[in-house]
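Reader: I'd like to learn how to read pockets and sheets in a model like this one. Show me the structure, then take me through it.

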Amino acid sequence: MNCGIVGLPNVGKSTLFQAITSAPAEAANYPFCTIDPNVGIVDVPDERLDRITGFVDPEKTIHTTTEFVDIAGLVKGASRGEGLGNKFLGNIRSVGAIVHVVRCFEDENIVHVEGSVDPIRDIEIIEMELAYADMETVQARKEKLGKMIRSQDKTTREKALVVEPLLEVLAKTLDAGLPARSLEFTPEQKEAVRDLHLITMKPQLYCCNVAEEDIAGENEFVTKVREYAAKNGSEVVVISAQVEAEIAALDTEEEKREFLADMGLEQSGLDKLIHAGYKMLNLNTYFTAGKKEVRAWTFKKGSLAPQAAGVIHTDFERGFIKAEIYHCEDLFSLGSEAKVKEAGKMRLEGKEYEVKDGDVVHFRFNV
């Protein structure tokens, strides 16, 4: 459950990472200043958690988190090893989703590895390299397929026969420079090729890094990225990494709110990016609430109650009996857990209940 931050060198990835996590990431005005990936765990901002805390008044409040990985800048030829490309591509394979940072500002004092600012060209360089890397993976698997088809093991043979036509479709798609995610595979087909760990199968969003004066609006570069993203169904988040770094450097939440208000913003770009990354990973949040702590928990969208309980501890899933549930909006509208009960909004749910985003849950279990 993590997002990898990728892009060409000097587009603002490390500055962005530093602001997201308030953790030191090497950032400098030359390519490849980041060699090994920086990893940071960041709280997912959630106004609902803060409101629940206000009603319950616990000893502590714990946010759910997601992980961001700052991966060194890729360059043209990365799939052939240029700029330590193979090492960097390996780092991307380990993340769950991709945040593709695109430079959408002019600044003659910041070197651009391609010599000029052109976000669509930059996007296509990265995406072509990722497609080439996946093509190598697909070709390597195709070479092994003949042996698998001739295997005496029935399971191995049947799996190979299922995968064979999928590899052909993937090869044609990647050869055209298109991502694997553009294919309309069924869930079963995706599962069949999951062990390939294709980079271009991962969900992706474009993060447009703009100058401070463009933070509240658009510029021509962002417009082009939005048009490009619309064609492949990707989301776009506009952010100024430099402004976010300034916000992150402030000491208190009050100072940060004042800074945003002065700039005419209701929410920081980083909050938008964190939420977008969380959404990309197909994650939801439920809450547990008591006097000891109010806590947010991350779970996969579509999880049934026992699986959601297992997020807390495997014993909760193994010994699941029932889940006592109400929705946080009921608490906000009625004012207390006692009134939620009086209104009949609190209920017991069994193993087939699909946990909803925003549910407040108390699990009953026995092991």
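**Pockets, sheet and confidence**

Reader: Which residues lie nearest the centre of the second largest pocket?

Author: Arg-181, Lys-190, Met-201, Lys-202 and Pro-203 do, out of 20 lining residues. A pocket here is an open set of points on a 1 Å grid over the protein atoms alone, where a 1.4 Å probe fits, with protein on both sides within 12 Å along at least five of seven lines; lining residues have an atom within 4 Å of a point. About 640 Å³ of space lies in this pocket, counted as the space filled by probe spheres set on the points, which are joined across faces, edges and corners. Helix H6 (187-192) gives the largest share of the lining, three residues; helices (H or I, at least four residues) and strands (E, at least two) are DSSP runs numbered from the N terminus.

Before going on: this is a predicted model, with local features needing pLDDT of at least 70 and side-chain atom pairs 80 or more, while totals for chains, interfaces and linings use all residues. Numbering starts from 1 along each chain as its sequence is written, and side-chain values use heavy atoms, leaving out hydrogens and water.

Reader: And what lines the largest pocket?

Author: It has 28 lining residues, with Pro-45, Glu-253, Lys-256, Ser-268 and Asp-271 nearest its centre. Elements giving two or more residues include helix H1 (13-21), strand E2 (38-43) and helix H9 (253-262). The volume is about 820 Å³. Its lining splits into twelve nonpolar, six polar and ten charged residues, where Ala, Val, Leu, Ile, Met, Phe, Trp, Tyr, Cys and Pro are nonpolar, Asp, Glu, Lys and Arg charged, and the others, Gly among them, polar.

Reader: In what order do the six strands of the sheet come?

Author: Strands of a sheet pair through backbone hydrogen bonds, either parallel or antiparallel. Here the open sheet runs E2-E4-E1-E5-E6-E7, with mixed pairing; two strands pair if DSSP finds at least two bridges between them. E2 and E7 (235-239) are the edges, each pairing on one side only. Strands E1 (2-6) and E5 (97-103) run parallel, joined by four bridges, and Val-6 has His-100 of E5 as bridge partner.

Helix H4 (119-149) packs on the sheet, touching E5 and E6 (204-209), its direction making about 145° with that of E5. Touching means heavy atoms within 4.5 Å; angles run from 0 to 180 degrees between N-to-C directions of lines fitted to C-alpha atoms, for helices over the stretch in contact. Helix H7 (220-232) packs there too, touching E5, E6 and E7, at about 175° to E6.

Reader: Where does pLDDT stay under 50?

Author: Over residues 23-35, which have 37 contacts beyond four places in sequence in the model. pLDDT is the predictor's confidence in each residue, from 0 to 100. The protein averages 85, and 90% of residues score at least 70.
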